[in-house]
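Subject: The model you asked about

Hi,

Here is the structure I said I would pass on. Have a look at it first, then read on for what turned up when I went through it.

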Amino acid sequence: MDWNNQYIHSVVLIVAITIAFLTIMLLVAATVLAERRVLAFIQGRLGPNRVGYGGVLQPFADFIKTMMKEDLVPDQSTRFVFLLAPMIAIITAIMAIVVYPFGPTITLPFLGTFPLRIAQFDVALLYVLGVTSVGVYGIALAGWSSNNKYSLMGGLRSSAQMISYELALGLSLIGVILLSGTLDIYQIVEQQSGWYGLQWNILYQPLGFILYLIAAIAETNRVPFDLPEAETELVAGFHTEYSSIKFLLFFNAEYINMITVSMLATTLFLGGWNGPGVAQFPLLGVVYFFAKILFFLFLYIWLRGTLPRFRFDQLMNFGWKFLLPAAILNIVLTATVLFLMDWLRR
Amino acid sequence: MTTLLFIIFAGLAIGSAIAMVSQSNPLYSAISLIGVFISLASIYVTLAAPFIAAVQVIVYAGAIMVLVIFVIMLLNVEHSAPRRRRLKFLLPMSIGMAGILLAETAFILYSVQTAENRLPGNISNVGLTHSIGEGLFTSYLLPFEVTSILLLMAIVGAMSLARRTTILSSTARVVPGAQVLAMDIVNPRAVGDMRPVETETTHEAAHLLGVDFQSDRNQED
């Protein structure tokens with residue numbers, strides 16, 4: 001089949017986007033369930049295990065239940081912004097998924113050869129950072145428009161936190177960019193193949209990996225950095241006033257953000273779809289890719305079950321006085337080593 | 001296809017710009033400005049300059065506008081009635097400026113384009129990461145560094161303007177008895193330092209805070 005034909009290409013793209021969207025949504029449902037079951041396990045409880053086999057259908061039951069609730073818009077709220085905020089949150093969350101390669105270029109019988117990614121462009125990494133930085137508005141505007149003190153505090157906290165940790169997040173990735181010399185995520189993954197996993201960037205960028213992981217957890221507003229929604233002080237923070245489908249949008253956006261952040265960690269540091277046997281069976285790459293993502297999602301849940309919440313001044317001090325200098329140090333070290341290696345080779 | 005995209009995003013940009021100027025609510029203006037930035041970024045993508053587009057979104061839409069919205073949210077600007085116009089000379093001046101801008105546009109459209117038609121085309125690499133990086137670190141190194149020093153100076157200036165010498169107002173009072181204070185109340189330079197400072201007597205606390213305890217009690221009597 002002629003994959004370069006414009007119309008066939010469009011149809012393939014639409015199919016690919018649909019598959020990716022459904023996969024991510026199923027992954028969100030699985031993560032929600034896994035979070036409840038694993039948290040319960042950590043705390044010595046059973047967790048939801050009644051709906052379906054072992055509680056498999058619990059997320060769908062929750063979804064239907066939440067959707068059936070009354071859609072409240074608080075009196076005296078800024079109605080337009082109140083409606084806009086959850087849309088910004090979910091759109092920016094989903095948009096970031098477009099650039100990730102789910103697997104290597106595969107060949108299917110009767111269909112031909114095509115790469116398992118939706119979009120390819122030069123600045124994929126910057127695109128992800130840009131979309132993430134726009135995502136702040138969803139939370140900030142939600143907090144402001146609710147006309148609620150708790151929501152406003154949550155929105156302010158989250159914008160302050162996301163601005164602070166975005167810097168460390170972006171700077172921690174520069175080491176990887178220096179190593180690979182490209183911003184194209186697909187190429188970065190391809191460069192990590194071979195040598196039986198010894199070319200994964202995590203081995204050359206351990207500091208960058210740790211910094212990225214910390215900044216990413218803060219960026220997704222998860223424990224121990226979940227100050228914007230701190231249930232005990234802020235009554236769920238920025239989404240206090242949201243109910244029904246609007247709440248679901250925020251809820252989904254948070255989990256999709258977790259997944260995209262895990263995808264970025266996987267592709268940049270853990271070799272993406274690389275693993276044993278991928279050269280012979282390219283479809284195995286998809287399995288490895290999702291296995292690595294599931295590892296990071298488990299890490300998120302594990303942290304939630306283990307760590308207490310930061311205080312706000314601790315959060316700010318940690319971000320500006322430790323993470324940021326450490327990220328800059330990582331860049332300087334990486335650049336120096338690369339320069340010296342280049343110099344020695346001459 | 002490119003023309004269609006250009007028309008869509010240029011229309012969005014102009015519409016958002018008009019909305020930004022005409023809104024009376026500052027937050028709506030800020031949101032419209034974000035719309036302008038994102039539409040402009042989309043136009044950069046169609047002009048084969050993806051790096052500039054990404055940086056436009058990250059820096060302007062992502063960082064600067066978040067700060068603007070942050071300030072608007074913190075100040076909680078009320079929806080106020082239109083105030084009396086001050087600075088009346090601004091109106092004729094703005095008309096004159098608009099005239100100059102139109103004249104410049106007309107000049108570019110009529111003389112520059114007819115002189116030599118050089119479209120960048122698809123082979124252009126002006127907006128790609130590699131060429132921008134190479135330009136910044138070779139031929140434009142000095143302007144680049146000077147700009148960064150300028151920004152640093154601006155940050156230091158803003159810090160020195162914003163940092164207050166004292167947090168307590170002149171009417172602040174001290175509660176009688178021993179007390180525990182946070183370090184950042186006692187010393188304004190220790191911002192965010194929550195370590196406790198314990199005092200034994202009221203006088204000690206008043207001295208630490210720089211509040212005149214004696215005169216305070218006289219007022220109570």
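Before the strands, one definition: two strands count as paired if DSSP finds at least two bridges between them. With that in hand, strand β1 (residues 179-182) of chain B pairs with β2(B) in the antiparallel sense, over 4 bridges. Within that pairing, Val180(B) sits opposite Glu198(B) of β2(B). And please keep in mind throughout that this is a predicted model.

**Chain B**

Staying with β2(B), which covers residues 196-199, the side chains alternate along the strand.

What else does chain B contain besides its 2 strands? There are 9 helices, and the order along the sequence is α-α-α-α-α-α-β-α-β-α-α. A helix therefore sits between the two strands in that pattern, given that helices and strands are numbered from the N terminus.

A few overall numbers for the chain: it has 221 residues, and 24% of them count as buried. Its accessible surface is about 16,400 Å², with 68% belonging to carbon and sulfur atoms. If you take the contacts in chain B with a separation of 6 or more, 46% are between residues 24 or more positions apart.

**Where the chains meet**

On the contact count, 26 residues of chain A touch 24 residues of chain B. The size of an interface is often given as the accessible area lost when the parts come together. Here the area buried between chain A and chain B is about 2,100 Å², and carbon and sulfur atoms give 78% of that. As for salt bridges between chain A and chain B, the count is 0.

**Salt bridges**

Over all chains the structure holds 6 salt bridges. The side chains of Glu35(A) and Arg222(A) form one of them, at 2.6 Å from N to O. Glu35(A) is in helix α1 (residues 6-42) of chain A and Arg222(A) is in the loop between α9 (206-219) and α10 (231-234), so this pair ties together parts that are 187 residues apart in sequence. Both Glu35(A) and Arg222(A) are buried.

Arg222(A) also meets Glu254(A) in a salt bridge, at 3.3 Å from N to O. Since Glu254(A) belongs to helix α11 of chain A and Arg222(A) to the loop between α9 and α10, this second pair ties together parts 32 residues apart in sequence. Glu254(A) is buried, as is Arg222(A). Salt bridges with shared partners join Glu35(A), Arg222(A), Glu254(A) and Arg304(A) into one network.

Another salt bridge runs between Asp313(A) and Arg311(A), whose closest N and O atoms are 2.9 Å apart. Arg311(A) has 45% relative accessibility, so it counts as partly exposed.

**Aromatic pairs**

Searching the whole structure gives 20 aromatic pairs over all chains. Take Phe251(A) and Tyr255(A): the ring centres are 5.0 Å apart and the planes are at 55 degrees, so the pair is tilted. These two are 4 residues apart in helix α11 (residues 244-269) of chain A, which means that about one helical turn separates them. Phe251(A) counts as partly exposed because its relative accessibility is 27%, whereas Tyr255(A), at 5%, counts as buried.

Then there is Phe318(A) with Phe322(A), where the centres are 5.3 Å apart and the planes at 25 degrees, so the pair is stacked. Both lie in helix α13 (residues 312-345) of chain A, 4 residues apart, again about one turn of the helix. Phe318(A) has a relative accessible area of 21% and is partly exposed; Phe322(A), with 44%, is partly exposed too. Both belong to one aromatic cluster, together with Tyr165(A), Phe225(A) and Phe310(A).

Over to you.

Note on methods:
Residues numbered from 1 in each chain as written. Chains lettered and ligands numbered in written order. Predicted model: local features only at pLDDT ≥ 70, side-chain atom pairs only at ≥ 80, totals over all residues. Heavy atoms only, no water. Buried < 20%, exposed > 50% of the residue type's maximum accessible area, 1.4 Å probe, protein only. Contact = heavy atoms within 4.5 Å. Areas by Shrake-Rupley, 256 points an atom, 1.4 Å probe, with all protein chains shown as cover. Phe/Tyr/Trp six-rings, centres within 6.5 Å; stacked < 30°, edge-to-face > 60°. Salt bridge = Lys/Arg side-chain N within 4 Å of Asp/Glu carboxyl O. Buried area = accessible area lost by both parts, 1.4 Å probe.
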